Amino acid sequence: MSAGWTREQMAARAAQDIPDGSYVNLGIGIPELVTQFVPEGREFIYHTENGLLGMGPPPAEDEIDLDLMNAGKKYVTALPGAAYFHHADSFSMIRGGHIDVCVLGTMQVAANGDIANWSTGAPDAIPAVGGAMDLVQGVKRIFVITQHTTKTGEPKLVEKCSYPLTGPGVVSRIFSNLAVVDVTPNGFKVVELAPGITFEEVEKCTGAAILPPE
Amino acid sequence: MINKQCPSAAEAVADIADGSVVMIGGFGASGSPIELIHALIDQGAKDLTLINNNTGNGEVGLAALIANGQVSKMICSFPRSSQSKVFPALYRAGKIELELVPQGTLAERIRAAGSGIPAFFTPTTVGTVLATGKETREFDGRTYVMEPWLPADYALIKCEVADPMGNLTFNKTARNFSPIMCMAATTTIVQTRAMVAAGDIDPEHVVTPGIFVNRVVDVPHPIHEDSLIAEGAKYP
C-alpha cells in the first residue's frame with residue numbers, strides 16, 4: 001500500500017495527542033509502538049496492570065529479569081522513579097481515574113464510541129477478558145489504534161458492533177491507517193487524513209456515517 | 001515468640017481438603033509458587049476451585065495441577081495464552097468450569113474479601129454480556145454493577161523475603177495478586193526465597209504484614225516457571 005500511515009506512523013500520530021506528563025497504559029500490538037515516538041520535550045509514564053508504574057523498554061538479552069514483565073507477559077525494565085504495587089492498587093489507578101490515556105487495539109469501534117476488542121463471541125472460543133473492561137471504563141481518555149478495515153476488507157469502524165462489547169460509549173479518538181477520527185455526539189468525524197488519502201476513500205472503508213474534516 | 005515457619009512444602013499443604021477453594025498467587029509465570037503447587041499435586045486433593053489470573057503454562061505448576069484432574073473450576077480473567085494448552089482442552093471437552101472475571105474486578109473481589117466487604121459496585125462490565133443477571137445501581141448518574149467478595153480457604157503464595165512473624169516482601173512484578181490473596185484466604189501458605197530473623201525486615205518496608213500469613217516455608221532456590229517451560233519440563 002502506497003498511501004496512508006504505516007503501523008509506526010499510526011503510533012507516532014497517536015503519541016502527538018498525548019500531553020506531557022501523562023500516565024499512559026498501552027494495549028498489546030501497535031499501541032506498544034507509541035513508546036518509540038514520544039514527541040521531543042515530552043515525558044510519558046507507563047503503567048502496566050500487573051503492578052508497575054515507570055515501565056521502561058525491553059531489556060538486553062543478558063539483562064532479563066524473570067520477575068519483571070508487563071501485562072502482555074513480555075520482559076521489561078523499570079526506569080528510575082518506578083514503583084511496584086499489588087493488583088488491587090494497580091486497578092485502583094485504572095478504575096479510580098488516575099490513568100490519563102489508554103491506547104488500545106480493537107476489533108470494532110461503533111459511531112457512538114462502543115468498543116469490542118475482547119471476544120468474537122464464537123461458541124468454541126475460550127473467553128478471555130483480562131483488564132480490558134476495567135481499562136475502558138476507568139481511564140480518562142480511550143484512544144484506539146487500528147487498521148481501518150480487517151484483512152478481508154470489512155470495516156472496523158461500524159454503526160453498531162456485532163462482536164460482544166468491551167464497554168459502551170468509551171472511545172474518544174481513533175488513529176487508523178487512513179485517518180484520525182473522533183467519536184462525536186454526531187458520530188464519526190474525520191479530524192485529519194493520512195497523506196494521499198481522500199475523505200471519499202475513508203468514507204468508503206467506514207461502516208457508518210462519517211463527517212468530513214472541517 | 002511467634003514462629004509461623006513450616007518445615008516443608010508437603011507439610012504446609014497437607015490439610016488442604018477435597019473441594020477447597022484455593023487462591024494461587026502469580027501473574028502468568030511471575031510469582032507462581034511452583035514448589036507449593038507441586039506439593040499440592042503430590043498431596044492429591046481433588047475437586048478444587050482455583051483462583052488465579054490465568055490457567056498456567058506448559059505442563060508444570062498450575063497447568064500440571066489442572067492436568068492432574070484435581071481442579072473442577074477456575075476463576076480467572078485470562079484463561080488462555082500461547083503456552084496454555086491444558087485448560088483450553090479440558091474446557092472445550094466440558095470437563096472444567098470457568099468463571100470469567102475482569103482482572104480489576106477479580107483483584108477487588110479478592111481485596112474486598114480480605115477487608116470484610118461482602119460486595120461493591122464497579123463500572124467494569126456495564127453494558128456487556130459479563131454483567132448479565134447482575135444487580136446494577138446508579139450513583140451520581142452513572143451505572144455500576146454489584147460484585148461480591150471472593151474469599152478462599154487457602155492461598156498459595158511465593159514471596160522474596162519472610163520472617164517468622166509472617167511479614168513479607170516481594171520481588172518486582174512477582175508481587176501482583178499475592179498481597180491481596182494473603183488477606184482473603186482463611187489459611188495463607190507462603191514459600192519464601194529468603195527467611196530472615198524478626199526485625200531484619202525494616203517495618204517501613206513490610207509489604208504484607210504477618211497477620212495475613214499462617215505458614216511460611218523456606219524455599220531458598222525457587223524454580224521459576226519460565227525456566228521449567230524453557231526446558232520443556234513436565235510435572236510429576
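## Close-up views of a two-chain model

**View 1. Chain A meets chain B.** The contact draws 32 residues from chain A and 39 residues from chain B. Two elements of chain A each give two or more residues to the side that touches chain B: α2 (87-95) and α3 (132-138). Of the elements on that side, α2(A) gives the most, with 5 residues. Sorted by class, the side of chain A that touches chain B has 16 nonpolar, 9 polar and 7 charged residues. Keep in mind that this is a predicted model.

**View 2. Helix α1 of chain A and its buried residues.** Helix α1 of chain A covers residues 7-16. Which of its residues are buried? They are A:Met10, A:Ala11, A:Ala14 and A:Ala15. What do they pack against? Their partners are three strands of chain A: β5 (101-104), β8 (141-146) and β10 (171-176).

**View 3. A:Ile64 in its loop.** Find the loop between β3 (52-56) and β4 (77-84) of chain A; A:Ile64 lies there. Is A:Ile64 buried or partly exposed? A residue needs 20 or more C-beta neighbours within 10 Å to be buried, and 12 or fewer make it exposed. A:Ile64 has 14 inside 10 Å, so A:Ile64 counts as partly exposed. Set aside the neighbours within four places in sequence, and A:Ile64 is in contact with A:Pro59 and A:Tyr75.

**View 4. From A:Ile64 to A:Thr152.** Now take two residues of chain A together: A:Ile64 and A:Thr152. How many residues apart in sequence are they? The answer is 88. In space, A:Ile64 and A:Thr152 are 38 Å apart, C-alpha to C-alpha.

**View 5. Chain B as a whole.** Chain B holds 7 helices and 12 strands. Along the principal axes, the C-alpha atoms of chain B fill a box of roughly 50 × 40 × 30 Å. How does the radius of gyration of chain B fit a compact globule? A compact globule with 236 residues would have a radius of gyration near 18 Å, and chain B has 18 Å, so the two agree. Buried residues account for 53% of the 236 residues in chain B. Next come the contacts in chain B between residues at least 6 apart in sequence: 78% of these join residues at least 24 apart.

How values were computed. Residues numbered from 1 in each chain as written. Chains lettered and ligands numbered in written order. Predicted model: local features only at pLDDT ≥ 70, side-chain atom pairs only at ≥ 80, totals over all residues. Helix = DSSP H or I, 4+ residues; strand = E, 2+ residues; numbered from the N terminus. Contact = placed C-beta atoms within 7 Å. Rg over C-alpha atoms; globule rule 2.2 N^0.38 Å. Nonpolar A, V, L, I, M, F, W, Y, C, P; charged D, E, K, R; others polar.
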